[in-house]
Each structure stands twice: as C-alpha cells, then as structure tokens.
Amino acid sequence: MVQLAGLTRVLLVLEASLPSGTFSTAEYALDAGRTLAVVPGSIFAPECLGTNRLLRTGAVPITDASDLRILLEDELWPATSGPAPWAGPGPETDHDPLLSA
C-alpha cells in the first residue's frame, strides 16, 4: 500500500481502525507531498477511529462526491492551467435544436 501512495496525487482513506497500517501509508504520502483525504466516520465505530484521527491532524474531509470532485480537479488541473479537459461549453453557449424544439 505504501508504494501506491507514492504513485498517486491524492490518497483517499475510507476506513482505518486503531492501530492501523493506514497511518504509515498516510505518513508516506504526506512525506511525498501528496494530499491526504479522509471520509469521516461514526465516532462510535472502531473501524473509523483512525480515519477521524487523521482528520484531526489535518487531512482533507470528504463528506460527499462533490468534495472529492473539487479536490481532484484542484489537484489534477490547477486553476493556473485552465479548466479541466472535459469542461465543455456551458449551456449559455451550447445550442441544440432538439432541446429547444
């Protein structure tokens, strides 16, 4: 798992108990300059104690799909490089005769 952390720009942790090997992977990712993102879990679930601890240490919280989308867009296509490759013209410039009929 540690090797995979070095190949990614963002490491997303879904669950981690205490103790957990996830912490060494997370530390490796941070040392390599990667972004650490975590899905928060229930404070009562043992399998979420580690993920919630990572949040307290500064990991980016991912609470829904839009959080993940925004994070990935920021990481993969920074604002200085323009819009994401799939960002086509918006509805104000798109004209489809079938939709306006």
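Guide: Begin with one bridge in this predicted model: Val-10 has Thr-35 in S2 as its bridge partner.

Visitor: How many bridges join S1 to S2, and do they run parallel or antiparallel?

Guide: Four bridges join S1 to S2, residues 35–38, and the two strands run parallel. Another of the pairs is Val-13 with Val-38 of S2. Helix H2, residues 22–31, packs on the sheet and touches S1 and S2, with its direction at about 160 degrees to that of S1.

Visitor: What joins S2 to S3?

Guide: Two bridges, and this pair is parallel too. Ala-37 has Val-60 in S3 as its bridge partner. The chain goes from S2 through H3 to S3, and that β-α-β crossover is right-handed.

Visitor: What is the strand order of the sheet, and which strands are at its edges?

Guide: The sheet is open, with three strands in the order S1-S2-S3 and parallel pairing.

Visitor: How do I read the two faces of a strand?

Guide: In a regular strand, side chains alternate between the two faces of the sheet. In S2 both faces are covered: Thr-35 and Ala-37 are buried on one side, Leu-36 and Val-38 on the other.

Visitor: Which residues of H2 are buried, and how are they placed around the axis?

Guide: Take "buried" as under 20% relative accessible area and "exposed" as over 50%. The buried residues of H2 are Thr-22, Thr-25, Ala-26 and Ala-29. They lie on the same side of H2 because they cover an arc of only 100 degrees around the axis. The face turned away from that buried side carries the exposed residues Glu-27 and Asp-31. Just after H2, Gly-33 takes a positive phi of about 80 degrees.

Visitor: What pattern does the whole chain follow?

Guide: Along the sequence the pattern is α-β-α-β-α-β-α-α, from five helices and three strands. Of the 101 residues, 23% count as buried. Among contacts with a separation of 6 or more, 55% come from residues 24 or more positions apart.

Terms used:
Residues numbered from 1 in each chain as written. Predicted model: local features only at pLDDT ≥ 70, side-chain atom pairs only at ≥ 80, totals over all residues. Heavy atoms only, no water. Pairing = 2+ DSSP bridges. Contact = heavy atoms within 4.5 Å. Axes fitted to C-alpha atoms, helices over the stretch in contact; angles between N-to-C directions. Buried < 20%, exposed > 50% of the residue type's maximum accessible area, 1.4 Å probe, protein only. Arc of directions from axis to C-beta. Right-handed = clockwise from strand over helix to strand, strands pointing away.
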